[in-house]
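Please keep the sequence and the coordinates in view while reading.

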Amino acid sequence: MTDRRFDVALSFPGEHRPFVKAVAGRLCEIFSQGRVLYDQYYEAEFARPSLDIYLPSLYRTQSELVVLFLCPEYAAKRWCNLEWRHIRDMLSSIDEKRIMFLRYGYEGDLTELGILRGDGTINFKERSPQEIAEKIRERFIFNGGLINRREPDPSQSTPDSFDISRIDSYAPKKLIGREAETKIIDDAWAAAVRGEAKRPRVLSFVAMGGEGKTSLVADWAVRKQIDGWPACEAAFAWSFYSQGTRDQYAGDSDLFLAEALEFFGGETNEGEGAVEKAKRLAKLIGEKRALLILDGLEPLQYPPTWSPPGELKDDAMAALLKALAANSKGLCLVTTRHSIPNLRAYRSTNAPEHDLKRLSKEAGAHLLNMLGVVGTQKEREELSEDAKRHALTLTLIGGYLRDAHGGDIRKRDLFKLAEADEEEQGGHAFRAMAAYAQWFEQDKRGQRALGMLRLTGLFDRPADFGCLRALWRGPKIRGLTDAIVGLSEAHRNIAIKRLEDAKLLTVNRDAGGALVSLDAHPLLREYFAKELCEKNPQGWTAAHKRLYDHLCASETDKKDAPTLDDLRPLYQAVVHGCHAGLQQDACDEVYRDRILRGPQAYSTFKLGAIGADLGAIACFFDSCWTKLSPDFSVPAQAWLLSEAGFSLRALGRLQEALEPMRAALEMSVGHEDWRCAAAGANNFSELALALGDVVAGTRIGAESVDYGDRMGDASQLIICSSAYADALHQQGARDAARVLFEKAEAMQKEIQAAHPLLYSLQGFRYCDLLLGPAERAAWRLLVQSAIGGEMREPSLRAEEGEAIQSRARGSGLLSSARNDDADTLASLLDGCADVRKRAEHAFSWATRNAKVRLTIALDHLTLARLELYKAILRGAAPNGSDIDAAVKGLRDAGSKDHLPRGLFTCALYRAVAGDFPGAQDDLDEAYEIAERGRMKLFLADIHLHRARLFGLIANRPDKYPWESPQHDLAEARRLIEECGYWRRKEELEDAEAALRALTRK
């Protein structure tokens, strides 16, 4: 074929434009927009003289296939006649094969155009746009056309730009009963190709297990791959089913982010936090017309019993999806069992969500027919209804009837579907699988296949070859591997192929054909896990013990600085060890000694793998997060409860953290374990403060000091005293807090003469208290500057320095300030200098002792705050280097209970620098974290920051981004009074006075 400009040209009258436009959109997906001649795509080019000569020639000489949409109106249209004049010359020549006739139910006479009754046509009145586009594609290929035959632009996609290998094996040979959902995806992708602004960017399908969510997206993606990925620059698919799907699993996005960033060309940034990775990934994806498929998101979501149900546990995934919904050239497809409330704000615009309904009765019957079930249409429809039109159940029934009974539908009575619990997830599928399994038992080959299938019940993810080999290599595990140990590779492959053909097993092999992993639908895995655990508990325990030993033999963690990926076998070993009844061993020898590396807490503080740690901790619980395995000693139970509470709190899941922390404290006190009691009370006090119960936080803080005294450990007493002092500070008892900090520092000097100042979290809290006067003075200066010094309210308390008086001078935010009291300014700056000395000492200690992430981030935050307050007080431009390091470090540490502090400082810095959109983003992110974690003190801070930065300071935006400054200050007051958060009382009163003065103006 010649290298013409267009693959397809469309000639049509205006009466059918809506239909033809939809066809053109689908053709753009197949050929790319630049290869489809549809007039509205080239309006700029066609706005020219002599278009009546220029345009028709494009059909005759520059188009491989010319498609005419014929109807009575066609012959009467001027432009259609002009186009046809050139097209007609192709008739009765070698080029006539380049013409394709479509008609709109019209059998009339078109001989005047040279179109005869014997000419073949397709009636597009009876077809959808997608069907017509497919017919055009078929004709183009029939003519010898090669889709995407042009040499690719090396700056664009390459063969490595497309990877759907994690889901393509789940695509059915023929997708049945999902035409409507397929059209939804087709339309969303077509809108992306056309570059429409108002279109789906994140498209979610929600349904319970076994309804065919994965089949739907896999089928669509495979069809795109077969077509050569028209108009798609990159495609990447991920299945979270590969990360574990059991209820106890505390999912995280770490592995996905690492793989996806590498695929989309992102660099590896050591120490980068998950949320930052997600935002960077969203930018990389959003810049391309890319397809991202996230299959089986539910391991990263809260269960239906949570409020709100389905909310993402993983902040990084929430950040990714929101960023893609807000700005992306491509499309993200999501499948999940639960609705995603995190995307509710985008639901009606860029992130629609669709419930995947059960198959229709007719579609269910069709599926049975395709599977080889022999019977009448009525019988198949009745069976479809009995199976509740559940796709997986119908697949199991159809395959069983075909394999065991020649497809005879009269054997349907072997399935006791009426006894299945309709409310139980997988109830009908379990009944169908039970019949299948019983049939397999009848001969040796079936027993081998069933043995292979049963192994999947030991895993909550695809079973990799190494684990499988450990099981089938022997010795035999009675009732589980009897039929498969000792099999030759050929016989194993025969058994695996039988299961693969029956759609019971998904087989993943490498390019050389070697087995990589085996997988089954999560409901089938669950079925065999339940069967094995209940009917053969000895086999269940022995199999998990063998897997535990196999994974513990991994040496990837023996490096000096193993990565999270290096630790993955150990996290998986914990799962199998607990199923083997080796909870204490898995806890001590794997989790504590090899993952945490003892007191180093390596995975937590070095890698920031708090989500992965929580997933391991969850395995030790019989019921999350309240009931631990009774195999643990009392001290071990108290420690694990405290670990769970710490991880949950750090992940921003504060409400979940309450129960394990409370239980850990009560258990330690009851057994007079004062060391654990002191640590537990300290953690519980911090949690109570974060949740806004300042009174309880203060009371429990005092208890932690008492337990520390009983223990007689000065180091622990310093920690507890500092936490108690911080609680007093939040309560507004600054003098009492300072006295307690000074006592703690005196103890510090006694036990560590080389480090006489408080450091780490204790030092950060003391510096927070010491920065109070400068913080209030800086804010007061900013709000007074905005209103011209008209605020008439009581000044700062005497012990905090005299009030800074200022008047508006000029239009700049900082340059407008004038300090009338040099002594007060000097006193405040001296206080900042003292804090700097402390923060630099703490920073030096942290870096020298390799205490990374959280400690160093907090030191950066202290330095950032004091420099920012100094700059405001002096009317100078602030330096943002420590602010960037602080926020990045807090993200890397994965501590959601500290991150808002950094975001507040960042928001103030940005606003002072004139970057109000950035300040708004910071406050919005902080609000999302605080609201989700119900962190009331942070919520009070956010409302106060909003009102001051966007309602009171100079050069603020004209439009207030939220409801109003009045509303935010009212909310701040409500929360401060409700929580007893009196530390902020004076700052609140300053802001309220400023707003009143501004309103009077």
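Is Glu867 buried, partly exposed or exposed? Glu867 is partly exposed, because its relative accessible area is 24%, where buried means under 20%, exposed over 50% and partly exposed in between, with a 1.4 Å probe and protein chains only. The model is a predicted one, in which local features need pLDDT of at least 70 and side-chain atom pairs count only at pLDDT 80 or more, while totals for chains, interfaces and linings use all residues. Residues are numbered from 1 along each chain as its sequence is written, and side-chain values use heavy atoms, with hydrogens and water left out.

Glu867 lies in helix α33; helices (H or I, at least four residues) and strands (E, at least two) are DSSP runs numbered from the N terminus. The C-alpha atom of Glu867 is 8.8 Å from that of Gly880, which is 13 residues away along the chain. Helix α33 covers residues 854-874, 21 residues in total, and spans 30 Å from its first C-alpha to its last. That is close to the expected 30 Å, the expected span being 1.5 Å times one less than the number of residues. Of the 21 residues of α33, 19 are buried, so the helix is largely enclosed by the rest of the structure. After α33 comes Gly875, with a positive phi near 75°.

Another helix, α29 (residues 734-751), contains Gln748. Gln748 is buried, with a relative accessible area of 5%. Apart from neighbours within four places in sequence, Gln748 has contacts (heavy atoms within 4.5 Å) with Ile718, His755, Pro756, Leu757, Leu758 and Tyr759.

Two packed helices are described by the angle between their axes and the distance between the axes. For α37 (residues 936-951) and α39 (residues 985-1000), the angle is about 35° and the axes are 11 Å apart. Here axes are lines fitted to C-alpha atoms, for helices over the stretch in contact, and angles run from 0 to 180 degrees between N-to-C directions. On the α37 side the contact is made by Leu944, Arg948 and Gly951, and on the α39 side by Glu987, Leu988, Ala991 and Leu998.

At the level of the whole protein, the secondary structure comes to 39 helices and 16 strands. Of its 1001 residues, 57% count as buried. Among contacts between residues at least 6 apart in sequence, 70% join residues at least 24 apart.
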